[in-house]
Amino acid sequence: MITYIEELSDEEKEQLTGIIRTLLAQTFLLERKYDKKGSRFVFNKEYRICCRHLEFLQEYFRVAGMELKENTPTGVIYLVGEDAQALRLTKLATIYLLLLKLIYDEQMSQASTSVNIYTTLGELNERMGSFRLLKERPSPTEVRRTLTLLKKYQIIEILDALDELESESRLIIYPSISMVLFGDRVQELLQSFEEESDGNEDEPTAI
């Protein structure tokens, strides 16, 4: 492992350090990300760098008690393991994550040609109401904070301005959501939230 690093240029060493920090901070690396300026999906430079050094990085994280996996069909590289950073989510963030996964699976089952799925904040809130998952409507501040958190973990992309959130506000659901939750688990967790009356809106959940 040390020999491998010594053979790299200074620029490659800096790139490798950046990739490690990124994975530790956000868990997922996406092959393609949405570029708002160009209004299109573009290749992620960090993903390419990670692929170039994948075997070394897998060994590096294995020593640290984690596993680095690559899901080639969806273009996602991600960390798993007891020592990997768990997603610490509020109740609202957990509910949004579950509903996003539900929407993702439904659209993918309709022979979608893309691994990225579009939805709106309005659809999320409608689903939340139909499942009776929260007693009170979340405040705009809570919604903005929740969407920002899910964006940080590369679960979604927010296409419209956060300070102008409306029902029509568009979201992209990245394929990384399938690495966080599986279908059966989604239904189980949704059921546990229905008509829940504990009132612990801000109690963090690890997923």
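This section describes the nonpolar cores, salt bridges and surface charge of a predicted model.

The largest nonpolar core contains 38 residues. Y96, L97, M128, L147, I155 and I156 make the most contacts inside it. Eight elements each supply at least two residues of this core: strand 1 (28-30), strand 5 (76-80), helix 5 (91-108), helix 6 (121-130), helix 7 (140-152), strand 8, strand 9 and helix 8 (177-180). Helix 5 gives the most, with ten residues. A second core is separate and has 17 residues, among them L8, I49, F56 and L57.

The salt bridges number six. In one of them, the side chains of R127 and E123 meet at 3.4 Å, N to O. Both residues lie in helix 6, four residues apart, about one turn of the helix. R127 is buried, at 17% relative accessible area, whereas E123 is partly exposed at 23%. E106, E123 and R127 are linked in a salt-bridge network.

E157 and K151 form a salt bridge at 2.5 Å, N to O. E157 is buried because its relative accessible area, 5%, falls under 20%. K151 is partly exposed, at 33%.

D160 pairs with R170, with 3.0 Å between the closest N and O atoms. D160 sits in the loop between strand 8 and strand 9, and R170 in strand 9, ten residues apart. D160 is partly exposed at 23%, and R170 is partly exposed at 40%.

On the surface, D163, E164, E166 and E168 gather in a patch of negative charge. E168 belongs to the loop between strand 8 (156-158) and strand 9 (170-173). Its relative accessibility is 54%, so E168 counts as exposed.

Key. Residues are numbered from 1 along each chain as its sequence is written. This is a predicted model: local features need pLDDT of at least 70, side-chain atom pairs count only at pLDDT 80 or more; totals for chains, interfaces and linings use all residues. Side-chain values use heavy atoms; hydrogens and water are left out. Patches are made of residues with over 30% relative accessible area and no salt bridge: like charges are joined within 9 Å, nonpolar side chains (Val, Leu, Ile, Met, Phe, Trp, Tyr) within 5 Å. Accessible areas come from the Shrake-Rupley method with a 1.4 Å probe; for residues, only the protein chains shown count as cover. A salt bridge is a side-chain nitrogen of Lys or Arg within 4 Å of a carboxyl oxygen of Asp or Glu. Lys and Arg count as positive and Asp and Glu as negative; His and the chain ends are not counted. The place of a charge is taken as NZ of Lys, CZ of Arg, CG of Asp or CD of Glu. Buried means under 20% relative accessible area, exposed over 50%, partly exposed in between (1.4 Å probe, protein chains only). A nonpolar core is a set of buried Ala, Val, Leu, Ile, Met, Phe, Trp, Tyr and Cys residues joined through side-chain atoms within 4.5 Å.
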